[in-house]
Amino acid sequence: MPELQRLRPDHVPALLTFEQENRAYFAASVPDRGDAYFVDFAARIDALLAEQASGICHFHLLVDPDDAVLGRFNLVDVENGSADLGFRVAEKATRRGLATATVLHLCTLAATEYGLTTLRAAAALDNTASRTVLTRAGFVPTGEEVQLGGRRGLGYVRSTAPRV
């Protein structure tokens, strides 16, 4: 069973593999990070870990029993009880409900571990999978149009209060 783990320095090799193996898959639905993203990847993760230590971000990986990364689930720009949710799931892990289950779990962590009351997210209009995950996890469209790497998108919001 996959496990959601907080980002740690020892995740770097598996995370790099995840990003490289899924680059083309991700680029079909979200803006590509470009070649520069992979240059000195460990230093990039060190910077993220420093942000996490300061409390302004919370980075998580969905890891399978063999320690392979199946997804990234991040809470960024933490401020005044709210944060922005971002996620990406490996192509081999899609269509199994893992993204929805993990986003729901992260909503609980946001409330219980990080004291957050509101989560925001955005998804490109043509990214049906991410929009479906957000809806199934209780996010509602804000009506706000956003730009995501040149693509039209829609903003979403969700309270971290337990769903009834």
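Tutor: Let's begin with a rule for helices: the expected span of a helix is 1.5 Å times one less than its number of residues. What you see is a predicted model, where local features need pLDDT of at least 70 and side-chain atom pairs count only at pLDDT 80 or more, while totals for chains, interfaces and linings use all residues. Residues are numbered from 1 along each chain as its sequence is written, and side-chain values use heavy atoms, with hydrogens and water left out.

Student: How far apart are the end C-alpha atoms of α4?

Tutor: Helices (H or I, at least four residues) and strands (E, at least two) are DSSP runs, numbered from the N terminus. With 15 residues at 1.5 Å a residue, α4 should span 21 Å. The distance between its end C-alpha atoms agrees, at 21 Å.

Student: Which residues have the most contacts inside the largest nonpolar core?

Tutor: A nonpolar core joins buried Ala, Val, Leu, Ile, Met, Phe, Trp, Tyr and Cys residues through side-chain atoms within 4.5 Å. Buried means under 20% relative accessible area, exposed over 50%, and partly exposed in between, using a 1.4 Å probe and protein chains only. The largest such core holds 46 residues, and those with the most contacts inside it are L75, L85, V103 and F139.

Student: Which helix gives the most to this core?

Tutor: The top contributor spans residues 98-112 and supplies seven residues. That helix is α4.

Student: Is E19 buried or exposed, and at what relative accessibility?

Tutor: E19 sits in helix α1, residues 12-21. Its side chain has a polar contact (N or O atoms within 3.5 Å, one able to donate a hydrogen and the other to accept it; residues adjacent in sequence count only if both atoms are side-chain atoms) with the side chain of R88, at 3.3 Å. E19 counts as buried because its relative accessibility is 2%.

Student: Which residues is T142 in contact with, leaving aside neighbours within four places in sequence?

Tutor: T142 belongs to strand β6, residues 140-148, and is partly exposed because its relative accessible area is 39%. Contact means heavy atoms within 4.5 Å. With those neighbours left aside, the partners of T142 are G155, Y156 and V157.

Student: Which residue in the hairpin of β6 and β7 takes a positive phi?

Tutor: Strands pair if DSSP finds at least two bridges between them; β6 and β7 (residues 151-159) do so in the antiparallel sense over six bridges. L148 stands opposite R151 in β7. Two residues lie between the strands, and the one with a positive phi near 60° is G149.
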